[in-house]
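Here is a short report for a first look at a structure.

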Amino acid sequence: MRVELNGITVRFGPVTAVDDVSLGIEPGEIHALVGENGAGKSTLMNLLFGLVRPAAGTVVLDGVERRWSSPQDAIASGLGMVHQHFMLQDTMTVLENIVLCAEPVGRFGFVDFAAARRRLDAIAAEHGIAVDLTREVGRLSVSQRQTVEILKVLYREAELVILDEPTAVLTPQEKDRLFDTLRNFRAAGKSIVIITHKLDEVMEIADRVSVMRAGRLVRSSLLDETSRQEIARGIVGGELPEARTRKAQAAGDVVLSVRDATIARRGRPVGPVSFDLRAGEIVGIAGVSGNGQSELVRGLTGLDPLLSGGISLCGQSVETLDVAARRAHGMSYIPEDRQRMGLALGASVSENANAGRDDRSAFTTGPFLRHGAMMRFARAIIEDYRIRVAGPSAAASTMSGGNKQKLVVGRELTRNTAVVVAENPTWGVDIGAIDFIHGELMRMRDSGHAILLISTELDEVIALSDRILVMYDGAISGEVSGGEANREDVGALMMSRGKAA
Amino acid sequence: MLDLLLDPSFAASIPRFVTPILLAALGGALCERAGVFNIALEGFLLMGAFAAVLGSYFSGSPYVGALAAMLAGMALGLVFAEFNLRRGGDSIVVSIAINLLAAGLTTFLLRAIFDVTGAFSDAGIVGFGPVRLPLIEDIPFVGQILSGQSALFYVALLCVPLMHVFLARHRLGLRIRAAGENAEALRAGGVEPRRVQLVALLACGALCGLGGAQLSIANVNLFVENMSAGRGWIAVVAVLLTRGRPWPLFFIALLFGAVDSLSFRVQGLGLAQQFTDMMPYLATLIVLVALSWWRARRARGETR
């Protein structure tokens, strides 16, 4: 299918998310759409898929101008989309998920599951995809869920397949398998659009690459006619920040020691997990999302109790202490979810900046808050951490994702605690903010603080960590020294129990 | 007490109490599964009870009465959909409004149409008679329970397996479950969840309407103000306890209906009415506590 987008503009209220973009997608081609978060990639594809409507511009499929009133129209015209956040029903089986909204029906509107099963067997055989149709989707791994999403698209006989950040949740090996499937689609003459911000993947698989920045199309060309540097410059709109160099530094005393900790979760508990964290080092915890990292963090910070085992923080055992006591004793926490755990969105920047501080005397007089001191402190954080916001009294919800995250990072790091637990600290923020946050974490390390970096972004873990622990299936499957880590080794540990180092 | 429980006439009275609760709960289950938090079942029931009397009185047929009750329930379902689904009103607020509306409207219409207050009974109201099931009525004990009930009881019984199969295998059933589980995914698939939820609300209204008809033109042949008397709320509890699954719902409704029936019985034995009236709610409380205790224990077992 040949798709042309002509002069597309999309507005959300006063914000122009996509600004006059024209783009062509050819059949039998893998088209990479790259750009920072918020560059308008997903919005453009949501428009193509009928989920948002353009303020201006036209969509032309195989020479015919089309206008959808719902995704149903787009699906009927041969478009399929694998969303970044999977669109699945957890309590339904794989089969039910695949037929939902495209059900083959027999008498009285009852679903003909047998017919669906026959067609899926044929599709699975043709594309070499295996998945158990009777399993409940909620029990599948992330990669298996993605397979279900791809089967959904194939079942609807899509000629154009859009994948939004499909590799964000995969191990390197699973990614290879996905790319094989996509090449298979290309050979079958389908058009494929892959939204990504990983340049390695673009260079590996794309035939054509389009770069978006701030809602505009910066460039669109065949991969052969451009270079990695050119694409990177297009994404950030200038030169890339240079690679970070690590100052050699001997780690100091153990400040956080975890011994045989187990934490409850649905099904089997996480653990036992044991490791030490020393002053002046960054220890990364890598792993595919959902392998026990979030439970471990909740156990460490005191959000959930340990079932067994111990935690010692600066020489004192803290496993029975609550969150506030652990924070007071020398722990800061940058949570993964800034919207719900990191910030109170309805409260002001100043109130958020002062939340959870132990130096109360500086900000209170008796039971009353000292607004002046709070505002001064918030202004200092805004300046030091280069947060773009109207001012300290603006609501936290008015900031962009990157600035919200910088506020959380600033609040936690200014507490100057011995231990910092950072959980996916750059999730969903733009390249500029990522670089800044990485720099701040590194600066903390260099000044002798200990940082536990839990991240599902393998590149981030490799770039920052002195040592890398890999979690798989609720346990630590191995340890790799930061200097000698390569993606494949860590990737292998991310998929097997390995042997504990 | 044991004599009482084994008394066939007591057992035979249970279905009369089970039917309205079961029908309302089945309707509520559809809403629950579709992701509509509908706690207006009480209002739906009451409106149905009134409309059944109205239909039966003016037509002389209980079937027209039942039809009128279904339409009245669906009308309230439409009101719910308008304010909750289309205008985005909070479902609890909308539910409370509908419950109050049904109580006020039936009282007002009672006066406006029949010119009475409190209750309306008239020989012109034709009720559902008992349906005798040939072979089954000869089975000792069980036969006396299953045979000789109103047509609505058999409809309610039939609805349980039907709804089970409907939710598991029907296209609309699949979409109703999807609307309740992950509406955004349903929308991305090209089906508007609110449209599915509207259908669930209308079906819920019809089922509750039938439940109301059982109250006013099968159990008795009259309408009394507020005659639903909390049965809609018990149905809400049944729905929430079972998360809208038809078979567990059936057994819970059976239990609540039996206790409801028992409370009338022991009243005849001279127990204070204030106490017997509490029995269905006490039973609800006990089931709530027992279930949460059991679930907590199972959750602890999982982590071990």
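Which hand does the crossing of α2(B) and α7(B) have? The crossing is left-handed. A crossing counts as left-handed if the near helix is turned anticlockwise from the far one by less than a right angle, and as right-handed if clockwise.

This is a predicted model, in which local features need pLDDT of at least 70 and side-chain atom pairs count only at pLDDT 80 or more, while totals for chains, interfaces and linings use all residues. Residues are numbered from 1 along each chain as its sequence is written, and chains are lettered from A and ligands numbered from 1 in the order in which they are written.

**Helix pairs in chain B**

Helices (H or I, at least four residues) and strands (E, at least two) are DSSP runs, numbered from the N terminus. Axes are lines fitted to C-alpha atoms, for helices over the stretch in contact, and angles run from 0 to 180 degrees between N-to-C directions. The table sets out two pairs.

| Pair | Residues | Axes come within | Crossing angle |
|---|---|---|---|
| α2(B) and α7(B) | 8-34 and 151-169 | 9 Å | roughly 25 degrees |
| α8(B) and α10(B) | 171-181 and 193-219 | 9 Å | roughly 110 degrees |

By its angle, α8(B) is therefore roughly perpendicular to α10(B). α2(B) and α7(B) are therefore roughly parallel to each other. The cut-offs are under 35 degrees for roughly parallel, over 145 for roughly antiparallel, 65 to 115 for roughly perpendicular, and oblique for the rest.

What does α2(B) bring to its contact with α7(B)? P15(B), T19(B), L22(B), L23(B), L26(B) and R33(B) are its residues there. From α7(B) come L152(B), F153(B), A156(B), C159(B), M163(B) and L167(B). Contact means C-beta atoms, placed from the backbone, within 7 Å. This contact has 10 nonpolar, one polar and one charged residues. Ala, Val, Leu, Ile, Met, Phe, Trp, Tyr, Cys and Pro count as nonpolar, Asp, Glu, Lys and Arg as charged, and the others, Gly among them, as polar.

The crossing of α8(B) and α10(B) is left-handed. Here L172(B), R175(B), I176(B) and A179(B) of α8(B) meet P193(B), V196(B), Q197(B), V199(B) and A200(B) of α10(B). Seven of these contact residues are nonpolar, one is polar and one is charged.

**A sheet in chain A**

Chain A has an open sheet of four strands in the order β2-β1-β4-β5, with antiparallel pairing. Strands pair if DSSP finds at least two bridges between them. β2 (15-25) and β5 (64-66) of chain A each have a single partner strand, so one side of each lacks a neighbour in the sheet. On average, neighbouring strands are turned by 30 degrees against each other, direction ignored. Five bridges join β1(A) (residues 3-12) to β4(A) (residues 56-61). V3(A) has L61(A) as its bridge partner in β4(A).

**Two positive phi values**

Most residues other than glycine have a negative phi. R386(A), not a glycine, has a positive phi of about 45 degrees. Its loop lies between α13 (371-384) and α14 (401-413) of chain A. N424(A) has a positive phi near 40 degrees. Its loop lies between β19 (419-423) and α15 (431-446) of chain A.

Is each buried or exposed? R386(A) is exposed, with 12 other C-beta atoms within 10 Å. N424(A) is buried, with 22. Buried takes 20 or more such atoms within 10 Å, exposed 12 or fewer, and partly exposed lies in between.

**Where the chains touch**

The contact takes 23 residues from chain A and 18 residues from chain B. Helix α2 (residues 71-76) of chain A gives the most to the chain A side, with three residues. That side has 13 nonpolar, seven polar and three charged residues.

Definitions and conventions
Two residues are in contact if their C-beta atoms, placed from the backbone, lie within 7 Å.
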